[in-house]
Every structure is written in structure tokens, then in C-alpha cells.
Amino acid sequence: MQKIKKITLVFFSPTGNTKAMVEAVGNRLAEKLGLPVEQDDFTLPAAHTAVRTYSAEDLVVFGVPTYAGRIPNKVLPFVQTLFKGNRAQAAAVVTFGNRSFDNSLSELHDELEKNGFSVLGAAAVVCHHAFAEVGIDRPNTADMEALAAFTDSVAEKLQIETGLLQSSITVRRNEALTAYYVPLGLDGKPVNFLKAKPATDTEKCDNCGVCAARCPMAAIDKNDVTSVPGTCIKCQACVFHCHTNAKYFDNELFLSHKAMLEQNYTRPAVSEFFV
């Protein structure tokens, strides 16, 4: 196997959960393998155009969050077009908010393989949901211990000196989910809140502009942060990063789905690992 010389941490992470899990894997691999680490955060619009090219000398830890059971639909084109593996080894990581990762991890695995990566391991880690009070204490100690054990298994694979490693993992998927998960309201019926956008409490807002600067889709008008002319993916970056708590969602259908999650998904979901 060609000697790996560098680890790159690649992630889309509006609120930081995915970044933290990718860092946990990547930093432990770096310690185990004695390799330098670089980061490639492709969350913000400025990182959505350049094509990255890797080689067999690279190890990539690639992470995205789960939206509606898959890679976020507005993020999927970036995953498909901006990253060229050229026989680089990879570990795939998704985070999910205590409901289910459904097909996000198998989709990430498949897209990386199509792009020329050899995926040696895949991890789905439970985190605090981005907009619902479920998975509040996740990832917990057990999650992190399991993630460390997963990382050690990937490191062991990388230390095999019998030629280029080929992916042989099978990632669990939800075969019943043929497209995206359809959000449900508190009454159990489907709800469509695609048009929901963040509102602004003008009494709290100090016009610092952080919400616009942190929006992955550049949806918020930087000159008038109360205006959201662009496409909102409900990632909660604006809410999470607002230091005055001025951003919030008041769309009734969105809030009904949030309430449904908090009513039906208090049970601890399980982080899963495939090596």
C-alpha cells in the first residue's frame, strides 16, 4: 500500500456537531498513525466552487449531517462534484439528531466510492438535534468510546501492507425509504415547511451580521438581516450563532414537526459503525 502522508478533515457542519465528530476521528487517526492533519470546511458559500483533488497518499475523514434521512439535498451536489479521490482512503461520518440516519451514511459511502475514494469505515453518530430538544446529552461517553474504537479499527486497516486497500464494508440503510424522509406534524400527518425561514426579534438584534456570514446558502441579506431572500435549508446556523438569541423559527408546520420529534423520539437512538 502506498504510504499515506496526510489526513484531511472534510466537513459540512452548520452548527458544529459534524465538525466535532470528524475532528474526533481525524485527530485520533493522526495520533495513531503519526500524520499531519488539515481541515477543509466546506460549510460556507466561499468553499462551494473549488474542486479538491486527492491521491493515494491522502486519508480523508469526510462528514455531513443527516437531513430528512439523507445527505442534505442542497449539499449533495457539492459532495458529488467537488471532491476527487483518485484512490485516496477515506472514513465516512454522518451525524443525526436522535431520530434515524436512514440512508445518509450509505449515500455518503456510495458517493465517495463513485468519486474514487476507498471507504474503509463508516460511522453514524447521534448528536443533539439541530432544532428539537431530543438527543440532548448526545454524543455521550459511550458514543465517544465507540467512536474511538471505530477509529482504532480504521487505523488497523491502514497499517496493513498488502497493497492498496479496497472497500469491503456494507453500510446499513433503510430500504423502505425510497426518497427523503417526509416530516410529520404533531398529528402524525405529513407537513411541508420548505418555505419556512428564520424570523428576527428586532429588539434583540444588534445587526452584527453573524447570521448572514454563517449561512451556508447565503440566504440572509447581509445589509438587512431581517430579510431572507435566498433558500433556507433549516440548518439553524443563524439561530445557533446569534449571540443575542434574536433568530428563531415561527412557521407553524415547522414547529409542529419539532413538537412531534420531541414527543416521539425521546428514546436514545444508537450510534452505528461499519468497518
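1. Partly exposed covers a relative accessible area between the buried limit, under 20%, and the exposed limit, over 50%. Lys 6 has 27% relative accessibility, so Lys 6 counts as partly exposed. The model is predicted.

2. Lys 6 pairs with Glu 38 in a salt bridge, with 3.7 Å between the closest N and O atoms. This pair links distant parts of the chain: Lys 6 sits in strand β1 (residues 6-11) and Glu 38 in strand β2 (residues 37-41), 32 residues apart. Glu 38 is partly exposed too, at 43%. A network of salt bridges links Lys 6, Glu 38 and Asp 58.

3. Asp 152 takes part in a salt bridge with Arg 28, at 2.8 Å from N to O. Arg 28 belongs to helix α1 (residues 17-33) and Asp 152 to helix α4 (residues 141-158), so the pair ties together parts 124 residues apart in sequence. Asp 152 also meets Lys 32 in a salt bridge, at 3.7 Å. Lys 32 is in helix α1, 120 residues from Asp 152.

4. Burial in this group: Asp 152 is buried, at 18%. Arg 28 is partly exposed at 30%, and Lys 32 is partly exposed at 44%.

5. Charge overall: the count is 13 salt bridges. The protein chain carries 27 positive and 30 negative side chains, and the centres of the two sets lie 4 Å apart.

6. Fold overall: the protein chain has seven helices and ten strands. Its radius of gyration is 19 Å, which agrees with the value near 19 Å for a compact globule of 275 residues. Buried residues make up 52% of the chain.

Conventions: Residues numbered from 1 in each chain as written. Predicted model: local features only at pLDDT ≥ 70, side-chain atom pairs only at ≥ 80, totals over all residues. Heavy atoms only, no water. Helix = DSSP H or I, 4+ residues; strand = E, 2+ residues; numbered from the N terminus. Rg over C-alpha atoms; globule rule 2.2 N^0.38 Å. Buried < 20%, exposed > 50% of the residue type's maximum accessible area, 1.4 Å probe, protein only. Lys, Arg positive; Asp, Glu negative; His and termini not counted. Charge placed at Lys NZ, Arg CZ, Asp CG, Glu CD. Salt bridge = Lys/Arg side-chain N within 4 Å of Asp/Glu carboxyl O.
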